[in-house]
Amino acid sequence: MRYYSTRDLRREWPVSLDAALSAGLAADGGLYVPETLPRVTLEDFDDCLDLPAVAARLLRPFFAGSSLASALPAICAEALDLPIPIVPLLDRRAEHAAPTYLLELFHGPTAAFKDFAARFLAACLARLRTPDDPLRTVLVATSGDTGGAVAAAFHRRPGFRVVILYPDGRVSPRQAHQLGAFGENVHAFRVNGSFDDCQRTVKALLGRREDAQGFALTSANSISLGRLLPQMAYYAYAMVQLARRGVGTPGLIVPSGNLGNALAAILVREMGLPMGEIHLATNANPTLSEYFGGADYRGRPSLATLANAMDVGDPSNFERLAWFFRERDLRQAGIHAERVDDATIRARISEGEARYAQVYCPHTACAVEVLENRRRRGDLQPMLLVATAHPAKFETVVEPLVGHPVAPPPALAELLQRPAHSETLPAEPEALRERLARGW
């Protein structure tokens with residue numbers, strides 16, 4: 001399988017999967033995409049009993065020709081051996097209980113869905129590394145959860161250091177502590193700006209050849225192909241599992257900010273697995289809801305919200321999404337987007353235990369609101385909601401609303417006991433360039 005930049009419109013500069021994974025971002029500033037999407041059916045996974053097995057089967061065509069092809073089953077077993085419950089979601093107030101399920105993706109070491117992909121990318125890059133390679137710097141901009149997942153995946157891995165940029169004051173206190181608690185080969189920076197500023201800084205250095213080569217840079221953001229591919233696997237797994245339970249073609253509701261997680265689901269549907277309409281649940285940032293509502297795409301500065309991990313005003317993966325639908329009308333593809341304001345997030349969290357026997361993080365609460373809107377409109381089709389983070393990561397938002405403490409899972413609790421350290425950094429690429437040049 002060959003890969004191209006989204007900006008290589010004539011397909012003149014193919015690269016291997018190994019090169020795409022190592023670079024993170026294409027040299028022209030575009031995002032890597034596969035030359036084709038293979039087709040799959042449910043029957044292709046008849047003998048796959050767990051997520052690693054589904055992932056190895058789904059991703060095999062994408063690894064064709066890669067030096068990692070023979071190691072793919074081992075990579076999947078190492079990185080994706082995490083709990084992935086699919087639990088019924090019962091609305092106690094509903095007169096007619098439509099089939100509804102919650103895909104819990106927060107049972108990894110940093111209690112967020114980013115753990116799956118970060119571990120997969122780390123396993124790939126570790127195998128691509130040779131003894132003669134220089135120390136590789138993994139750059140990551142985070143609106144809250146990505147940085148922690150990448151830090152955990154690369155912590156103490158020989159030959160790698162992680163540099164995390166996060167917007168100062170715009171992640172939860174526990175997220176901020178988590179980002180600074182790893183130490184050793186993980187370095188956290190508080191940026192005086194928004195997530196978009198962090199992302200712009202990372203892209204600027206990755207897109208400048210002398211920086212990318214001089215500092216041996218790669219990316220672990222959702223711009224990386226190594227993040228997109230494994231995220232496709234858990235959607236395939238969910239569709240296989242629901243089919244085995246006799247659930248008809250389910251619709252999907254995905255909390256979305258930078259659009260990488262939702263794009264993974266869209267691609268699984270494009271590959272042929274049975275999936276209904278896909279609903280993107282965003283916070284108050286209006287870029288995606290306006291576009292899918294009929295307006296021209298317009299990136300803009302992000303708004304700070306309670307669902308901070310989705311505080312994105314110009315989603316990077318929209319460029320990938322548009323590329324896959326370049327010959328079709330994206331607004332006719334069964335994809336919708338709905339934004340949810342902070343007052344509604346609070347309301348959904350407040351009633352979550354009484355109505356659904358669940359405590360939600362603010363991002364999952366956005367998905368619940370979209371679900372309720374669909375049910376109010378008479379949509380009784382089976383629906384799968386994606387729960388992206390553990391509510392204990394957002395204790396200052398969640399606990400006052402539910403009226404009791406929310407215990408963090410063990411791995412997060414252990415991190416919170418460690419001391420945390422981060423440095424301040426101006427929201428300018430040159431400031432990061434100078435800091436990397438000084439070394440540690």
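The following questions and answers cover aromatic pairs, a helix packing and one histidine in a predicted model.

Biologist: What are the ground rules for the model?
Modeller: Residues are numbered from 1 along each chain as its sequence is written, and side-chain values use heavy atoms, with hydrogens and water left out. The model is predicted: totals for chains, interfaces and linings use all residues, local features need pLDDT of at least 70, and side-chain atom pairs count only at pLDDT 80 or more.

Biologist: How many aromatic pairs does a search of the whole structure find?
Modeller: Rings of Phe, Tyr and Trp (its six-membered ring) pair if their centres lie within 6.5 Å. By that rule, the number of aromatic pairs in the whole structure is 11.

Biologist: Which kind of pair do Tyr-291 and Phe-292 make?
Modeller: Planes under 30 degrees apart count as stacked, over 60 as edge-to-face and the rest as tilted. The ring centres of Tyr-291 and Phe-292 are 5.1 Å apart and the planes stand at 85 degrees, so the pair is edge-to-face.

Biologist: Which parts does the pair of Tyr-297 and Phe-318 tie together?
Modeller: This pair is stacked, with 4.1 Å from centre to centre and 20 degrees between the planes. Helices here are DSSP runs (H or I, at least four residues), numbered from the N terminus. Tyr-297 lies in the loop between helix H11 (287-292) and helix H12 (318-324), and Phe-318 in helix H12, so the parts tied together are 21 residues apart in sequence: that loop and helix H12.

Biologist: Is Phe-318 buried or exposed?
Modeller: Buried means under 20% relative accessible area, exposed over 50% and partly exposed in between (1.4 Å probe, protein chains only). Tyr-297 has 27% and is partly exposed. Phe-318 has a relative accessible area of 10%, so Phe-318 is buried.

Biologist: Which residue lies over the face of Tyr-291?
Modeller: A charge sits over a ring if NZ of Lys or CZ of Arg is within 6 Å of the ring centre and within 35 degrees of the ring normal. At 3.9 Å from the ring centre of Tyr-291, the residue over its face is Arg-331.

Biologist: At what angle do helix H4 and helix H9 pack?
Modeller: Axes are lines fitted to C-alpha atoms, for helices over the stretch in contact, and angles run from 0 to 180 degrees between N-to-C directions. The axes of H4 (residues 114-128) and H9 (residues 225-244) are 8 Å apart, and the angle is about 125 degrees.

Biologist: Where is His-363, and is His-363 buried or exposed?
Modeller: His-363 has its place in helix H14 (residues 362-376). With a relative accessible area of 1%, His-363 is buried.

Notes. Helices (H or I, at least four residues) and strands (E, at least two) are DSSP runs, numbered from the N terminus.
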